[in-house]
Amino acid sequence: MTSMLRAIFVLAWFPAAATALAVDSTVLQAQADRIAVIERAKRSVVAIFASQGEGGGSGVIISADGYALTNFHVARPCGKAMLGGLSDGRVYDAVIVGMDPVGDVALVKLLGRDDFPAAPLGDSDAVAVGDWAYVMGNPFLLSADFQPTVTYGVISGVHRYQFPSGTLLEYADCIQTDASINPGNSGGPLFDAAGRLIGVVGRGSFEKRGRVNVGAGYAISINQVKNFLGHLKSGRVVDHATLGATVAFDADGRVVVSNILESSDAYRRGLRYDDEIVALGGRPIQTPNGFKNVLGIYPKGWRIPLAFRRDGQRRDVLVRLSGVHSEGELIERLARSFEDPMPIPKRGEEPRRKTPGGEQGEETPEMPEPPPGTHAPPAEAAMPEIVQKHYEDRHGYANYHFNRLNRQRVLAAWRGGNKPGRGDRPWILSGQTASGGPFRLELTGTGVLLELAGGRLEWTASGDFGHPVPPEGSGGMLPALYLWRQLAAAGPDQSGRLDYLGTIPAGGAGAPADVLSWLRDGVETWFYFDAAGRLVALEMWPDPAADPCEIRFAAYGAQQGPIPGRIEVHHGDEMFAAFSVEQSSTQ
Amino acid sequence: MNAIPTPIRTALMIAAALAAGSAPAAAGAESETGERLAKVQAAVVKIFGAGGFRGLEAYQTGLLISPDGHVLTMMSPVLDTPALKVVLDDGRRLDGKLLGADARLDVAVLRVEAEGLPYIDPLSAVSAEAGTRVFALSNLFGVAIGNEPASVQQGVISIVTDLAARQGAFDIPFSGRVYVLDAVTSNPGSAGGVLVTRDGRLLAILGKELRNRRNNTWLNYAIPIAELRAAVDAILAGGVAAAPAEPPAKAKDPLSAGLVGLVLIPDILPRTPPYIDAVVAGSPAARAGLRPDDLVVSLDGSLVSSCKALAEALEHRDRFATIRLGVLRGRSLVEVELSVPREERR
């Protein structure tokens with residue numbers, strides 16, 4: 001038979017064959033489930049573009065008020081104002097909120113609605129290798145109507161580590177999948193089989209075939225994003241964490257400290273060179289990658305548990321994580337352009353293909369150098385009015401508007417519920433100390449007076465807190481208590497600089513608290529507020545290279561206003577003092 | 001089944017294969033899959049060796065096929081080092097020793113010193129047809145180190161067919177039955193990885209990267225265990241060794257290619273493959289049936305991979321010794337015996 005006749009013969013059979021087939025109902029049900037999940041999930045997928053329609057990538061809406069996640073390397077080239085297209089065909093203005101260049105995450109806000117379709121957040125620690133997963137986004141910018149492209153595959157690996165480019169775009173503790181991820185997918189969602197958001201995709205392994213999917217793509221885990229969410233909402237450029245120490249395998253395959261900074265909190269908590277790392281952040285550590293994976297999911301400033309061993313003895317401590325970059329260094333790095341790990345080829349251009357190995361052609365570099373200035377911040381285009389209302393420029397911030405907004409929110413919740421009273425009235429607290437004796441504490445606008453059974457302590461605010469800050473061994477209890485009243489009484493009109501930091505669990509445990517950072521006269525103080533708007537902790541650093549004075553406030557309700565029933569003062573690993581408040585006045 | 005026309009038969013097979021697969025959306029099925037994968041992953045090892053240049057990575061994957069540390073993998077330049085390291089799924093780093101390789105199939109068996117290891121018995125392997133859903137486990141791109149498990153990819157067997165490949169940079173001398181896959185398994189580090197059914201039964205070993213130079217397409221394929229069994233048994237029985245355990249001393253009156261009547265191609269590359277350029281008429285080589293374009297692959301059961309290696313190996317043999325030469329002629333392996341007769345002294 002000629003091939004033409006054979007083709008007709010085959011075609012003639014197929015219609016009959018199709019009606020003769022019975023497909024198992026479990027297969028049809030699985031297909032219907034998939035269709036339903038995709039239908040629901042795709043509504044939260046955003047096609048992100050710069051304001052003139054160029055460039056872009058993908059994103060995913062996580063709350064009805066319009067907050068959406070994407071990659072830093074997608075948002076940055078778009079500038080401050082960008083556009084987001086949804087699967088219903090509508091385009092919305094969007095504004096940058098916060099950026100995490102090290103972790104390659106950015107938070108933007110779509111504007112114009114308060115009922116955006118949002119993706120439910122999953123738990124990336126519950127994801128297992130072999131689970132099915134969907135990736136949705138706009139690979140190769142194929143979509144002309146913002147309908148996302150949907151790809152499907154399995155989770156190939158969890159808790160994977162992908163090295164950064166310099167110090168930026170590190171994918172620690174990431175999820176690996178073989179669902180197709182291509183240029184244009186960056187910033188878009190990784191959904192589990194039930195349509196819950198478990199990751200933000202942004203990288204892939206490419207080598208011999210240019211930048212097209214070859215079965216290995218990587219997504220930032222949603223649990224990492226959850227740790228950073230408060231920080232991203234603060235409108236700042238967020239830094240990642242370091243322990244102040246590096247680790248490596250020793251000859252016996254144990255993970256040990258290979259380098260440690262004496263100025264680090266880990267050193268102050270007792271960690272030394274050659275100590276074996278047993279666990280970090282509650283996770284057993286068996287490889288240096290595992291160590292980097294744990295660090296990579298926390299913002300600078302968090303406190304996490306560390307377990308280490310020396311000479312057979314195990315020690316458990318809480319360490320405070322410092323920043324990967326020094327003050328201002330991260331902002332400076334942003335000003336330079338960086339390489340896009342997943343550049344989208346221009347229309348009509350093939351994705352870059354490497355010359356095949358084995359021939360005498362030059363080797364193309366693994367990460368192609370973009371033309372100079374490609375991913376530097378774009379020139380100022382006219383910002384749409386709706387975006388202007390949600391943007392405030394300030395050096396060092398992604399978008400100061402959101403910092404101001406959250407700072408006001410936290411202060412209003414604190415003061416609104418607690419009525420701190422008129423700014424000129426002293427606070428007077430009295431009760432019992434931990435040792436059983438009486439105390440009387442007077443906080444005024446000029447200083448602090450603490451009367452105890454054994455004597456009195458006085459401190460006057462005069463600009464310099466003194467060295468060492470009194471009383472000795474407390475880390476600065478008196479000025480810390482003074483600042484407490486100052487913040488309540490003066491509110492947003494205080495001197496110095498008051499910033500919203502983000503959310504951090506107070507004392508390294510429990511639900512993340514809103515944190516305000518007050519920098520005044522060279523001294524930085526952090527104030528932790530719980531969900532009910534109560535101040536639960538205060539940390540003051542007269543010396544940034546030493547342990548802070550930590551004050552914990554508890555047992556609210558019995559006293560009026562902002563005064564708690566119990567005040568504990570900690571410094572280093574010791575509790576310095578504890579006060580049970582029996583009477584107080586702030587009016 | 002013979003009476004049913006082919007299109008319907010094919011369509012029915014596909015429907016049957018789909019029905020047999022578990023519904024992916026069901027949560028119960030997902031954790032079962034996870035457990036089965038974990039069992040397979042326990043036997044997958046990460047191999048680190050020679051290389052580390054662009055296009056020639058220094059890592060690949062292997063499968064433990066016995067509790068005493070036998071590892072099945074693909075023969076490649078990665079194994080060409082005395083400092084071979086095998087990292088188990090639990091993170092243990094062991095020294096690997098190359099036991100032997102099969103020149104035609106390009107598979108190799110390593111040995112590590114350990115007991116009671118998790119393994120998959122090659123005898124437990126099953127075969128599959130086009131449409132079978134599979135998982136491929138390998139350390140592609142070297143993502144996993146230490147006790148991190150190998151990566152898992154999912155796909156379908158697109159077709160079961162014969163593979164004909166030619167010599168070349170990424171090419172292999174292999175030809176035989178393979179599973180062609182729709183999963184991208186042709187990646188750095190994937191070679192030696194394992195292909196299993198969705199319920200965790202052993203099917204095949206992932207092949208080396210293979211590119212068609214004319215259209216720049218890469219083939220994702222795996223070699224069924226059934227194709228390898230005889231070769232693996234031969235290696236385990238000591239049949240074909242990659243290198244002699246102890247090199248014998250140089251012979252006092254050594255043999256050479258010229259003496260047996262072989263002219264090899266000019267040795268101009270760092271490792272020139274020992275192709276026969278010409279055979280001297282009437283020589284022992286001619287009488288043994290060797291021909292131009294034959295590729296010498298083994299001498300007395302030991303693999304020789306370059307002109308230099310062949311010359312050196314011949315120097316260790318006495319001029320009048322009987323030698324066994326294995327050559328690749330087209331797609332087949334031919335072994336001949338020859339010796340220089342005493343009267344033909346030069």
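This is a predicted model: local features need pLDDT of at least 70, side-chain atom pairs count only at pLDDT 80 or more; totals for chains, interfaces and linings use all residues.

Biologist: Which residue just after H3(B) takes a positive phi?

Modeller: That is Gly238(B), with a phi of about 85°.

Biologist: And which residues within helix H3 of chain B are buried?

Modeller: Start with the general idea: an α-helix has 3.6 residues a turn, so residues three or four places apart point the same way. Here H3 of chain B spans residues 225–236, and its buried residues are Ile225(B), Leu228(B), Ala231(B), Val232(B) and Ile235(B). They lie on the same side of H3(B) because they cover an arc of only 125° around the axis. Ala230(B) and Asp233(B), on the other side of H3(B), are exposed.

Biologist: What covers the buried residues of H3(B)?

Modeller: The cover includes strands of chain B, among them S3 (70–74), S5 (93–102) and S14 (221–224).

Biologist: Now for chain A. How far apart are the centres of domain 2 and domain 3 of chain A?

Modeller: Taken over C-alpha atoms, these centres are separated by 30 Å. In the contact, domain 2 of chain A supplies 15 residues and domain 3 of chain A supplies 11 residues.

Biologist: Which element gives the largest share of the domain 2 side that touches domain 3 in chain A?

Modeller: H4(A) does, with 5 residues. By type, the residues on that side of domain 2 of chain A are 5 nonpolar, 7 polar and 3 charged.

How values were computed:
Residues are numbered from 1 along each chain as its sequence is written. Chains are lettered from A and ligands numbered from 1 in the order in which they are written. A residue is buried if 20 or more other C-beta atoms lie within 10 Å of its own, exposed if 12 or fewer, and partly exposed in between; C-beta atoms are placed from the backbone. Helices (H or I, at least four residues) and strands (E, at least two) are DSSP runs, numbered from the N terminus. The arc is that of the directions from the helix axis to the C-beta atoms. Two residues are in contact if their C-beta atoms, placed from the backbone, lie within 7 Å. Domain bounds come from an automatic or database domain assignment. Ala, Val, Leu, Ile, Met, Phe, Trp, Tyr, Cys and Pro count as nonpolar, Asp, Glu, Lys and Arg as charged, and the others, Gly among them, as polar.
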